[in-house]
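Look over the model below.

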Amino acid sequence: MANSRFYLDERKTKAGNPCVLKIGIAHKGMSAFISLDVKIYPNQWDGKKMRVVNHPDQMLMNVYITGIKQQVDTIILSLANEGKLGSMGTATLKNYILSQLQPEKAEAKEDEKRKAILFATRFKKFAESKSASTKRLYMETYKRMYEYAGEGLENMTFEEVTRDWILSFYAYMEPQSPSRNARNIHLRNIRAVFNEAIDDEITTAYPFRRLQIKNDATRKRNLKVEDFRKFINFPCEEHAQKYLDMFKLMFMLLGINTIDLCNLKEIDNEGRVNFYRAKTKRLYSIKVEPEALEIINKYRGENWLLNILDRYHDYKDYYRRLNRALKKIGPVKRVGLGGKKIYEPLFPEISTYWARHTWATIAASLDIPRDTIAHALGHGNNTVTDIYIDFDERKVDEANRRVLDWVLYGKR
């Protein structure tokens, strides 16, 4: 049967400092220790008599520690009489004794443990694990849920986030988010947290089992090849040319995202730019064709491949300016002599993302295989196949050359 005895722990105490008195619990050949609210010097402890000595408060201390030991022994005896002691490990026995000795602390600990598996707590923890931009999306979802559920959200379990709750939340968002696709982003964020909680065995609840998230078809964000040629060759104002050049460069680099374009450092000895894509963190390699190199040389930077981050505080500032400029490109008229400019944009809704969509659409029109286009856009899924098969980058290089020859020179 388990037994208890006092133990003065001198192991981690520096010389000259008091040591912590503990109760050692021996059970099944192992020991566990419970710290007491007593600190004394080695010369104030009688190990044979198990008593505090040579201390001004020794009487009170001895009454205290004797009472604690009696409680511990009573708990052990009760467990033995109930037939529960034999099934307990040493650590389990220690935790049970602590819960009986310090019920308030045990309750607080259980409450903390309970909160750790609540839906809201896990949701925020999941968001914290993401990149800054993705975290903002998840916290926007959390904000919407809080607006809907109020303070009660903080105490909801995964089991309480039912299918009906999600459908009601979805309906609540509709007046402020008429776009179904925008609302679906929030549902996907919730679903991702549920999937992780299931993987971590936090819950078995899954309200999405009979709940499909269907998007409305989105309007294509690409230009026909004739319109694209018209746009990139438009004789725009001088100050807008640098933005148009960057749009062309994005297209020539397989529709590269603005943040990745800004962060390019160099062209390697094989004439390629290599980088980890900000969105997916996957390694990416693009051959720099002569037409792209001509633009790069025009805007060479000092600390970066391009001078964007040499001139702008961060890519977001540049990104906003770039998209505003692209949306204005087209004929310009003046009202009166030296008067206000009136822009007649060729494509008033265009953005940098159109370079990516347009490249993919034109590549498909040239019968370039879908998997080559997907690899060019960085749409691999990190599957086992992706890991073990090194995709032949020459296929992407050849695809890009074919797209550029068709767009720039009409060579099909």
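In which helix does Arg136 lie? Arg136 belongs to helix 5 (residues 132–149). Helices here are DSSP runs of H or I with at least four residues, strands are runs of E with at least two, and both are numbered from the N terminus.

This is a predicted model, where local features need pLDDT of at least 70, side-chain atom pairs count only at pLDDT 80 or more, and totals for chains, interfaces and linings use all residues. Residues are numbered from 1 along each chain as its sequence is written, and side-chain values use heavy atoms, with hydrogens and water left out.

Arg136 is part of a positive surface patch with Lys316, Arg320, Arg324 and Lys328. Patch residues have over 30% relative accessible area and no salt bridge, with like charges joined within 9 Å. A salt bridge puts a side-chain nitrogen of Lys or Arg within 4 Å of a carboxyl oxygen of Asp or Glu. Helix 13 (residues 315–328) supplies the largest share of the patch, four residues. Arg136 counts as partly exposed because its relative accessibility is 46%. The class lies between buried, under 20% relative accessible area, and exposed, over 50%, with a 1.4 Å probe and protein chains only.

Now the strands. Strand 2 (residues 19–27) is mostly covered, with seven of its nine residues buried. Strand 2 runs antiparallel to strand 1 (residues 3–9), joined by seven bridges. Pairing requires at least two DSSP bridges between two strands. Ile23 of strand 2 stands opposite Phe6. In strand 3, Ile23 has Ile34 as its bridge partner. Strand 3 (residues 30–40) is also antiparallel to strand 2, with eight bridges. Two residues separate the strands of this hairpin, where Lys28 takes a positive phi near 55 degrees.

Conventions: Patches are made of residues with over 30% relative accessible area and no salt bridge: like charges are joined within 9 Å, nonpolar side chains (Val, Leu, Ile, Met, Phe, Trp, Tyr) within 5 Å. Accessible areas come from the Shrake-Rupley method with a 1.4 Å probe; for residues, only the protein chains shown count as cover. Lys and Arg count as positive and Asp and Glu as negative; His and the chain ends are not counted. The place of a charge is taken as NZ of Lys, CZ of Arg, CG of Asp or CD of Glu.
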